[in-house]
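Please consult the sequence and the coordinates alongside the text.

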Amino acid sequence: MAETQAAKRLREYETIFLVKPDLTDDNVDKLKERVRGIVSREGGKVLRFTVWGKKKTLFPVAKQPRAIYVHTSFLGDGKLVAEIERNLRNIDEVTRYISVKIADEVDPESRPVLEDLKLAGDVEETRPGAPADREGGFRGGESSEFAGGDSEEESSEEA
């Protein structure tokens, strides 16, 4: 009896992977279905896929300044995570991935399967009000006000 209860309890994981920015929505859906198939084949349960959209990366990944971010939340065990990461490593369109354990001992019956989400992502870099347009920064009187505010705090602490 204890073995059947232990078998029903799974861990909750989330995996975020980046795909090349020139991929179409259909190809991203095919990648999602491939991961969904791996999870179901290995005895896991997909809770939700969220496509965060095309976003700018901190540094170029695979010589691209942007990537499509895909987040998935699922229930499974360590072997399932290893299998998902092995498959993601072999897909040319996937440039980076990371998996994180969220919780131990999760009852699969208590976690509902949520519908997939697709978010818009970032707008292009040429949007008005981008940091390139606001190069003024703190100059002139503004910086001296901040310097004066710091010195007043220091003098009040000394007293």
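The protein has four helices and five strands, where helices (H or I, at least four residues) and strands (E, at least two) are DSSP runs numbered from the N terminus. Along the sequence these elements follow the pattern α-β-α-β-β-α-β-β-α. The model is predicted, so local features need pLDDT of at least 70 and side-chain atom pairs count only at pLDDT 80 or more, while totals for chains, interfaces and linings use all residues. Residues are numbered from 1 along each chain as its sequence is written, and side-chain values use heavy atoms, with hydrogens and water left out.

Of the 159 residues, 30% count as buried; buried means under 20% relative accessible area, exposed over 50%, and partly exposed in between (1.4 Å probe, protein chains only). The accessible surface, from the Shrake-Rupley method with a 1.4 Å probe and with only the protein chains shown counting as cover for residues, comes to about 10,800 Å², of which 50% belongs to carbon and sulfur atoms. Among contacts (heavy atoms within 4.5 Å) between residues at least 6 apart in sequence, 76% join residues at least 24 apart.

In soluble globular proteins, nonpolar side chains tend to be buried together. A nonpolar core is here a set of buried Ala, Val, Leu, Ile, Met, Phe, Trp, Tyr and Cys residues joined through side-chain atoms within 4.5 Å. The largest such core has 21 residues, and V19 and I84 have the most contacts inside it. Two or more residues each are given to this core by strand 1 (10–19), helix 2 (25–41), strand 2 (45–61), strand 3 (64–76) and helix 3 (78–90). Helix 2 supplies the largest share, five residues. Leaving aside neighbours within four places in sequence, I84 is in contact with V35, I38, V39 and F74.

Aromatic rings provide further links. Rings of Phe, Tyr and Trp (its six-membered ring) pair if their centres lie within 6.5 Å; planes under 30 degrees apart count as stacked, over 60 as edge-to-face and the rest as tilted. By this rule there are two aromatic pairs. Y13 and F74 form a stacked pair, 5.9 Å centre to centre with 25 degrees between the planes. Because Y13 lies in strand 1 and F74 in strand 3, this pair ties together parts that are 61 residues apart in sequence. Y13 is buried at 7% relative accessible area, and F74 is buried at 0%. The rings of W52 and Y69 are also stacked, with centres 6.3 Å apart and planes at 25 degrees. This pair links W52 in strand 2 to Y69 in strand 3, 17 residues apart. W52 is partly exposed, at 26%, whereas Y69 counts as buried, at 17%.

Side chains of opposite charge can pair when their charged atoms come close. With a salt bridge taken as a side-chain nitrogen of Lys or Arg within 4 Å of a carboxyl oxygen of Asp or Glu, the count comes to twelve. R41, which is exposed at 53% relative accessibility, meets E42 in a salt bridge at 3.6 Å, N to O. R41 also meets E83, at 3.3 Å; since R41 lies in helix 2 and E83 in helix 3, this pair ties together parts that are 42 residues apart in sequence. E83 is buried, with a relative accessible area of 17%. Salt bridges that share partners join D29, K32, E33, R36 and D116 into one network.
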